[in-house]
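I'd like to walk you through one protein model, going from the whole chain down to single residues.

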Amino acid sequence: MSVNVPRLVIAAPSSGSGKTTVATGLMRAFADAGLRVSPHKVGPDYIDPGYHALATGRPGRNLDAYMCGPERIAPLFLHGAAGCDLAVVEGVMGLYDGASGQGELASTAHVAKLLKAPVVLVVDASSQSRSVAALVHGFAAWDPEVRVAGVILNKVGSDRHEALLREALTESGVPVLGALRRVAGLNTPSRHLGLIPVAERRAEAVSAVAAQAAQVREGCDLEGLLALARSAPPVPGGAWSDGCGPSVADRAVPPPATAGGAPSAPARRGRPVIAIAGGAAFTFSYTEHAELLAAAGAEVVTFDPLRDESLPPGTAALVIGGGFPEVHVADLSANIPLRKEVAALAATGAPVVAECAGLLYLCRTLDGKEMCGVLPADARMSERLTLGYREAVALADNSLAVAGTRVRGHEFHRTVVEPSAAADTPAWGFTLPTRRVEGFTLAGVHASYLHTHWAGAPAMAHRLVAQAAARA
């Protein structure tokens with residue numbers, strides 16, 4: 001079976017070229033034109049998909065060939081793009097940059113080949129003219145299986161500069177599909193781990209996305225880009241399935257209910273309540289996680305640890321993903337009722353899964369401020385960035401996996417937890433890139449810096465739901 005989804009991959013020679021600005025602007029510009037646009041991001045990034053969702057009104061989704069496996073990229077893409085008129089995939093780093101020491105694995109080029117998608121190269125032209133042709137030619141010729149089918153020139157200085165660039169590219173055989181002027185203040189502000197998430201600056205983010213769309217409409221050939229997207233061949237195969245029946249895409253899985261501002265609906269009989277932390281402090285979560293939990297039989301409810309003073313009624317299990325608790329540490333610490341309730345739930349042996357920011361929240365302290373006190377550890381900010389893909393094995397039975405389960409994940413933080421692992425029951429034993437133990441397995445608590453993508457290991461979601469159901 002093959003499905004024809006018009007699609008574009010937005011790539012660049014290197015980070016900082018303007019991929020996010022162009023991709024998000026294109027998504028919004030096409031959505032404003034009445035198209036149903038499916039947004040995707042190559043790699044493990046959590047923040048860009050938030051801007052994509054704002055631009056399109058649809059969940060931002062990740063395509064990570066390292067964590068989910070190359071064989072799942074097309075199915076995950078089709079799952080996210082179901083019913084859409086166009087899909088826009090934002091790349092990661094430079095076009096050919098992938099998992100360190102793993103060749104093309106998880107690179108933008110790799111994903112583009114798996115999707116048989118045309119690539120549009122965003123080039124920072126601010127310090128070059130004729131040399132742009134050599135750059136584009138090199139990227140287009142490097143891998144014949146990667147179809148570099150268009151160029152968008154970014155940070156163009158003037159009409160004269162644009163004319164020189166276009167003239168140089170005439171002989172490259174790669175058409176220019178846009179030229180964007182340098183615009184001061186248009187880029188999204190960043191801090192220690194990249195862009196500031198939408199949840200922390202929603203009003204400003206709405207304005208920024210609108211401005212990006214306006215710039216793209218003015219400087220890009222939208223008709224030419226849409227025609228290029230429609231030239232892509234059908235995507236082979238079917239949409240992703242959660243492994244326990246029909247594809248999640250075919251089920252109309254309900255979105256998570258929301259605690260806090262409105263009372264949450266009671267759980268349907270036999271469906272355990274699994275609470276997922278959200279709000280400005282916990283913005284890192286893959287869309288498929290909630291879908292997998294719901295498909296496996298859970299009632300998924302989100303709550304905000306910055307605002308909600310209690311967990312959703314009937315909570316049988318808790319998932320606290322990544323984010324920026326270090327930015328909101330004072331307010332998290334001040335919410336004493338919720339911290340006590342989280343600690344009390346963990347003390348009962350209920351399944352509690354914490355990744356990165358969630359790990360920090362369960363510690364005794366973060367930068368000297370009291371946290372939940374579930375783990376015998378303290379956390380603090382660090383100057384050192386820890387970043388990269390990891391291979392790991394579960395060292396003990398826990399809420400996500402049985403001992404011996406092997407997973408692939410990702411670390412991304414500027415914090416340190418001391419001690420870094422439970423003395424007797426660490427969560428993971430890392431096997432690549434270096435051998436070490438990390439994280440905590442205490443009763444029902446599984447806490448670690450490792451981010452995992454459950455679409456690559458759906459048994460983890462099924463196990464969590466089963467354990468929650470046993471307690472509901």
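Let's begin with contacts along the chain. If we take contacts between residues at least 6 apart in sequence, 74% of them join residues at least 24 apart. Please keep in mind that this is a predicted model.

The protein has 13 helices and 25 strands. Its radius of gyration is 23 Å, close to the 23 Å given by the globule rule for 472 residues, so the protein is as compact as a globular protein of that length. Along the principal axes, the C-alpha trace spans about 70 × 50 × 45 Å. Of the 472 residues, 57% count as buried. The accessible surface comes to about 18200 Å², and carbon and sulfur atoms hold 53% of that. As for charge, there are 41 positive and 43 negative side chains, with the centres of the two sets 2 Å apart.

Now let's go inside. Which residues of the largest nonpolar core touch the most other members? They are F77, L153, L293 and W454, in a core of 114 residues. Another core lies apart from it, with 37 residues, including A350, L360, L362 and A379.

Let's stay with W454 for a moment. Leaving out residues up to four places away in sequence, W454 touches H289, L292, L293, V319, V353, E355, L400, M460, A461 and L464. Some of those names come back in helix α9, residues 287-295, where eight of the nine residues are buried. L292 and L293 are among the buried ones, and so is H289. What covers them? The cover over the buried residues of α9 includes the helices α3 and α13, along with the strands β4, β13, β14 and β25. Just after α9, G297 takes a positive phi of about 115 degrees.

A275 is buried, with a relative accessible area of 0%. Beyond its neighbours within four places in sequence, A275 is in contact with V301, F303, P312, T315, A317, L318 and V319.

Next, a stop at helix α4, residues 108-115, where we find T108. Is T108 buried or exposed? At 1% relative accessibility, T108 counts as buried. Its contacts, setting aside neighbours within four places in sequence, are V9, A11, V42, G91, V92, G94, L95 and D97.

Finally, some backbone details to look at on the screen. Most residues other than glycine have a negative phi, and most peptide bonds are trans. A106 is not a glycine, yet has a positive phi of about 70 degrees. A106 sits in the loop between β5 and α4, and is buried at 4% relative accessible area. A443 is not a glycine either, and has a positive phi of about 55 degrees. A443 belongs to the loop between β23 and β24, and with 70% relative accessibility it counts as exposed.

And where are the cis peptide bonds I'd like to point out? One joins E418 and P419, with omega about -5 degrees, and P419 lies in the loop between β20 and β21. Another runs from L432 to P433, with omega near 0 degrees, and P433 is in the loop between β21 and β22.

That's my tour, and I'm happy to go back to any part of it.

Terms used:
Residues are numbered from 1 along each chain as its sequence is written. This is a predicted model: local features need pLDDT of at least 70, side-chain atom pairs count only at pLDDT 80 or more; totals for chains, interfaces and linings use all residues. Side-chain values use heavy atoms; hydrogens and water are left out. Helices (H or I, at least four residues) and strands (E, at least two) are DSSP runs, numbered from the N terminus. The radius of gyration is taken over C-alpha atoms; the globule rule is 2.2 Å times the number of residues to the power 0.38. Buried means under 20% relative accessible area, exposed over 50%, partly exposed in between (1.4 Å probe, protein chains only). Contact means heavy atoms within 4.5 Å. Accessible areas come from the Shrake-Rupley method with a 1.4 Å probe; for residues, only the protein chains shown count as cover. Lys and Arg count as positive and Asp and Glu as negative; His and the chain ends are not counted. The place of a charge is taken as NZ of Lys, CZ of Arg, CG of Asp or CD of Glu. A nonpolar core is a set of buried Ala, Val, Leu, Ile, Met, Phe, Trp, Tyr and Cys residues joined through side-chain atoms within 4.5 Å.
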